[in-house]
Amino acid sequence: MNVLKVNSLSFLHNKEFLIDKDGYFYIDRYYIDGGSYQPCEIVIYNQQFEEISCINYKEASDFMKIMDSQDSFKCFYKTFDDKFIIGTKNNAVFVFDKDGKMISKIIETDKDVFSKLREERQARLIQKKHFASNFYDTRENKVICITSGYGFGWITERGRYILGISKEPNPSFELEMPFDTIYLNDTYQIYKDYEREPVWVTNMDMANFKNKLNIWNEYHDFFKYKNSMFRQYLDDRNKYYEVINAHKLGNPTGNNSAFKSFLFNMSINQAIDLNETQLLITVFTDGQSKSDYPDKRTPYYFLIIDKLSGEIIRDISPNDTSVYNNNHPYMIVDDRKYDRLIFKTYDYLYFFNNKGEIYEKISLLDKKFSSFRNWSYLGISNYISFFYDHKKNNIYSFELGETLSDIDENIMNAIKTSRKY
C-alpha cells in the first residue's frame, strides 16, 4: 500500500482531484497565505505517489480572484490528447497542455467585464451562456458534459444541472466557444410563468428537450402546488404519495410526514458510461443551503439514461443514507477490469453490474472495519484503488481484488498498514 499525506480538504469537497486512465493522481498543492490555504499548483503523482510533474495554474487562479468569491474551482479532467481541464462552479473552463501552459479558456466575458460586474455587485449575472463544469469519457471517446449552476436570482438565471453529450468523438477543448453537444436531461425545469427567458448551453442541440415537466422536478412541484404532472392529487396528500411511490423514482424512505424525505435542489454529481446506448448518473441534493443539506432522511438515486433520447430507463436506490457520514464525494467507482461498479457508504460496500443491479454487498458494520468506514473511495485505475482516510488526512492506493475474500483480505491488510501512518 502507498500513502500520500494531504494538507487540505478542499480537494475532497470540491472534487479537485483526478485519477487518469494511466493511474496518475492529480491533486492541488496549497500554500499558506494569511492563515488560509491558497491554491498554487496541481501535482501529478504515479500510483506509488512519487511526484512526476506539476501544473502551475496561477493564470487561472488569478482570473478567479477577480470574481471575488463568486466562483471556485470544481473539477479536473484529462482529454484523449492529454489536455488538462479545470472546470469551475460557474462553468468556466481552463485548458492546459501537458507542460502546464494554459492554451485556452472557455468563458463568457473577459477580465474587464468581470471587474466591472464585481464593482457593480452584479457578478451573479455573469456566465449566462454556460458550457459545463464536469466532463466524463464514453467508450466511443465522446464526452459527457454536466453544467452546474443555480436557479433564478442567483448566478446563472437558467435551469440547474444540465446533462449533455458531445456530438462528435474526441472534441477539441482548444476553441473559445464550446464544442457541439446534445441535450439529454436536467434537474430543474423552467416554467412558462417565469418572466425571464430560459438560458441554455451554447452550441447545445435541444432536440431531446420536451416542453413538459422534467421527471426530476416532481418532488419540487409537490411543495410548489402548481405545474405538477400529478396536479389532480395535490389536494389529497395521501393520494399523491401513492402515485409517487408507484412511480419510477418512488419515495424510498417511506416517511410521508417528513419533507426531508425528498431531494431538494437536485444535482448531477457524476456520469459513468455503461455501454453503447446507456450511461449512469448520480443524483444527490446539492447541499447549497441548510434547507437542502442531506441527512439520514435524504434519499439519492443512481439513474440509467438512454444516450440518444435522454430518457430515464431505470433507477437504483440503495436506501443507505449512511453515505452522508463522512463519505464525500459520494462517488460510484467504475471498475472496468472486473466489469462492475462499486459504491461505498459508511455501512456497506455495494457492487453493481452494468444493468444497474446490486448483486453483492459487504457489510462494514463488523468491528474489524471500524477504521475503513471512515475512508472515502476516490476511484480506481490500472487495478489500483484510491481511498482517503478522513481521520489521518492520508490517501492510500492498493489493489482491492476480485472476489469477496480477496477484497476482505486486502482491506484488512490496508487497515493494518495504515496504523503506521
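Modeller: First, a term: a nonpolar core is a set of buried Ala, Val, Leu, Ile, Met, Phe, Trp, Tyr and Cys residues joined through side-chain atoms within 4.5 Å. Please also note that this is a predicted model.

Biologist: Which residues of the largest nonpolar core touch the most other members?

Modeller: They are Phe-372, Trp-375, Leu-400 and Ile-411, in a core of 19 residues.

Biologist: Which elements each supply at least two residues of this core?

Modeller: Strands β21 (348–352), β23 (375–381) and β25 (394–399) do, together with helix α6 (404–418). The largest share comes from α6, with four residues.

Biologist: What is Trp-375 in contact with, leaving aside its neighbours within four places in sequence?

Modeller: Its contacts include Phe-387, Tyr-388, Tyr-396, Phe-398, Ala-414 and Ile-415. Asn-327, Lys-344 and Asp-389 are also among them.

Biologist: A change of topic: is Glu-41 buried or exposed?

Modeller: Glu-41 has a relative accessible area of 13%, so it counts as buried, the cut-off being under 20%. This residue is found in strand β4 (residues 36–45). Beyond four places in sequence, Glu-41 is in contact with Ile-27, Asp-28, Arg-29, Cys-54, Ile-55, Asn-56 and Tyr-57.

Biologist: And where in the protein chain is confidence lowest, and where highest?

Modeller: Helix α4 (residues 218–224) is lowest, at a mean pLDDT of 44, and α6 is highest, at 96. The chain averages 77, and 69% of the residues score at least 70.

Biologist: How many contacts beyond four places in sequence does the model have for residues 151–158?

Modeller: There are 37, although pLDDT stays under 50 over that stretch.

Terms used
Residues are numbered from 1 along each chain as its sequence is written. This is a predicted model: local features need pLDDT of at least 70, side-chain atom pairs count only at pLDDT 80 or more; totals for chains, interfaces and linings use all residues. Side-chain values use heavy atoms; hydrogens and water are left out. Buried means under 20% relative accessible area, exposed over 50%, partly exposed in between (1.4 Å probe, protein chains only). Contact means heavy atoms within 4.5 Å. pLDDT is the predictor's confidence in each residue, from 0 to 100.
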